[in-house]
Protein chains: 2
Amino acid sequence: MATEIQTPIRFGIIGAADIARKLSRAITLAPNAVLSAVASRSLEKATQFAKANNFPPEAKVYGSYEALLDDPDIDAVYLPLPTALHVKWAVVVAQKKKHLLMEKPVALNAGEFDVIVKACEENGVQFMDGTMWVHHPRTAKMREFIADPERFGQLRTMHSCFSFAGDADFLKNDIRVKPDLDGLGSLGDAGWYGIRAILWANDYELPKTVVATPGPVLNEAGVILSCGGSLNWDDGRVATFSCSFLANLTMEITAAGTNGTLHVYDFIIPFKEKECSYIANTKCFFNDLVTGWEPLPSEHIVTTDLPQEVCMVREFSCLVGNIKNGSKPEQKWPIISRKTQLILDAVKTSIETGFAPVDIKW
Amino acid sequence: MATEIQTPIRFGIIGAADIARKLSRAITLAPNAVLSAVASRSLEKATQFAKANNFPPEAKVYGSYEALLDDPDIDAVYLPLPTALHVKWAVVVAQKKKHLLMEKPVALNAGEFDVIVKACEENGVQFMDGTMWVHHPRTAKMREFIADPERFGQLRTMHSCFSFAGDADFLKNDIRVKPDLDGLGSLGDAGWYGIRAILWANDYELPKTVVATPGPVLNEAGVILSCGGSLNWDDGRVATFSCSFLANLTMEITAAGTNGTLHVYDFIIPFKEKECSYIANTKCFFNDLVTGWEPLPSEHIVTTDLPQEVCMVREFSCLVGNIKNGSKPEQKWPIISRKTQLILDAVKTSIETGFAPVDIKW
């Protein structure tokens, strides 16, 4: 992160989606970012959004995305549009030399995402996807734990799941169940997080093979409502995930290494904003008579003044500030996004090919 | 359970294995059971075992299994022998009209187990396997939760894992890594529990299909050291499990229903003997800005005066007492054992056939 004090990065938001409310607040709270504009296809909607989300009085409202992108006083764009629109608008954002913070899944497939990355590279702009939890200070603490050869050792097996129960309206009308808007359904939405968690725990080492779990549920339009998969590496590491719009809110990571185990129950959205925890144990075993554990797992509490999405905006804005000061864009973020998308693609392919294993190639 | 006060059931233990120490204590603590004898192939070992495990002075020690089985003052036998010896000795136990409490896995395969069940049926003796956790009062509370259509709804997805890190001596010498003793390895040992948990959560409804997860680890003799699998039902329910001798102690159930979620971190051996908990949430969702959960999951504490293995011995002894009073053996226990074994067999078959799906037929 840049250490010097910088001029706040000026954000424009394209699309007045519900999820943009949270990011608007995050930009407001971030010490190095400012809300400069919002665009909707309806000027009235943009105006209402700006008013409802505490935009500063000098912020601009636009009735078209193009108008916002032509504004020279915007440094960066937050793009929460439906996935099917990502490639089109992300490329324009990059061509207009705006840095790009984009919601997940980043694209409908890795090929589309490569078009976005190419546009960002050619125009020297930063790309980052909107996976907030990886920016939480808890995630850094959990990383310290699983990277510790003594406390955790080598990862052997892990599982991640994220489900929430969409109501009747969601399952009928939400963009995430529409093949022409978010065609990856729960795999692209909920599954993105579990897959990212697996890659995160493996220090972003791609697996050798991915196979979908039999029994996915699709809606009438063929959009995935629930599915799962397993990833495996040559050294015997195995990870599984499940994702669903059809089961009560559940989100967890369990990662077992040779020496230690990490559990976290609320990895994507912590139960509470300013204080959360994870559970860790190292070299636990049973007592002599196998009637209890020694030692007991311990809960580790992490507090943060800045919500995770603010940490994300701060990190992104630092990178943008660095670029303004002559640095090159940070490549790790688009690389991590692409790896996540590759696994999503493989799960989808595996489902489409009767649960055949899919080799992962970068 | 029988409600009338009964004469304590007289237990004989065949094999002075380490695990038999725990059951000896349980029989001592159970209100309706008494330690009557122990047999080892070495009389000295049997004598030492009886002394070290607080057998009553009148208890007998035998230098052969046959001698114990010929003792008319023994009602029931606890059989902790290696799996490969189960069918041989279980049949003799039944033929000698002793009721049978046997360690898991119950057999090397369901065909062998059917021989045991047939012998028990022909001789009118009770069969129960030694899966202790299902007898814990916490398990009954968790059952109430997942059976509640309002609080939990219909099960949609679940995961269970059990791993522990065998040390170098374990991985070289333990009976559970020897093909001629416990040929099912970690699948038969650790996997038994995760598979049982899945069946338990599905009210013992067998899945339609089972498939092993790619990436099992086998030792040089071909014994499974770690593996996993997925089970699926026609209605879209999916469950996954993993089991391992190669990762730090980890044991969990996460079960997500349409309305609720159950988490438990220590389902097989609770962290502490007399007080344990599970975590449940019902109709959790995010707050308006998706920065926290509402309501929060809650921890439910269950206390017990009797450790779970004592509850198991008490239940088994009640059933034996009922039979002494004219009842028939309780069929549910061998049925549950057989279902568990069927899934184990299917996972093994799937591994052996390149991860092909295996249809489950009773």
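Predicted model: local features only at pLDDT ≥ 70, side-chain atom pairs only at ≥ 80, totals over all residues.
Two copies of a chain are related by a rotation about an axis and a shift along it. Here, chain A is laid on chain B by a turn of 180 degrees. The shift along the axis is 0.0 Å, and the RMSD is 0.0 Å. That is the relation of a two-fold axis. The interface was examined next. Of the interface residues of chain A, 100% are also interface residues in chain B, so the copies meet through the same surface.

Rolling a probe the size of a water molecule over the atoms shows where empty space is left. In this structure, ten cavities reach 30 Å³ or more. The largest cavity holds about 200 Å³ of space. Its lining comprises 21 residues. Nearest the centre of the largest cavity lie A:Thr157, A:Val238, B:Ser226, B:Cys227 and B:Ser242. By class, the lining of the largest cavity has ten nonpolar residues, ten polar residues and one charged residue.

The second largest cavity has a volume of about 170 Å³. Its lining is made of 19 residues. Closest to the centre of the second largest cavity are A:Ser226, A:Cys227, A:Ser242, B:Thr157 and B:Val238. Strand 10 (224-232) and strand 11 of chain A each supply at least two residues of this lining, as do strand 7 (155-165) and strand 11 of chain B. The most comes from strand 11 of chain A, which gives four residues. The lining of the second largest cavity divides into eight nonpolar, ten polar and one charged residues.

Helix 9 of chain A spans residues 190-201. From the first C-alpha to the last, helix 9 of chain A reaches 17 Å, close to the 16 Å expected at 1.5 Å a residue. Twelve of its twelve residues are buried, so helix 9 of chain A is largely enclosed by the rest of the structure. Among the buried residues are A:Trp192, A:Tyr193 and A:Trp200. A:Arg196 is also buried, as are A:Gly191 and A:Gly194. The buried set includes A:Ile195, A:Ile198 and A:Leu199 as well. Just after helix 9 of chain A, A:Asp203 takes a positive phi of about 50 degrees.

Notes: Residues numbered from 1 in each chain as written. Chains lettered and ligands numbered in written order. Heavy atoms only, no water. 1 Å grid on protein atoms, 1.4 Å probe; cavity = no way out; pocket = protein on both sides within 12 Å on 5 of 7 lines; lining within 4 Å. Points joined across faces, edges and corners; volume = space filled by probe spheres on them. Nonpolar A, V, L, I, M, F, W, Y, C, P; charged D, E, K, R; others polar. Expected span 1.5 Å × (residues − 1). Buried < 20%, exposed > 50% of the residue type's maximum accessible area, 1.4 Å probe, protein only. Least-squares fit on C-alpha atoms with pLDDT ≥ 70 in both. Contact = heavy atoms within 4.5 Å.
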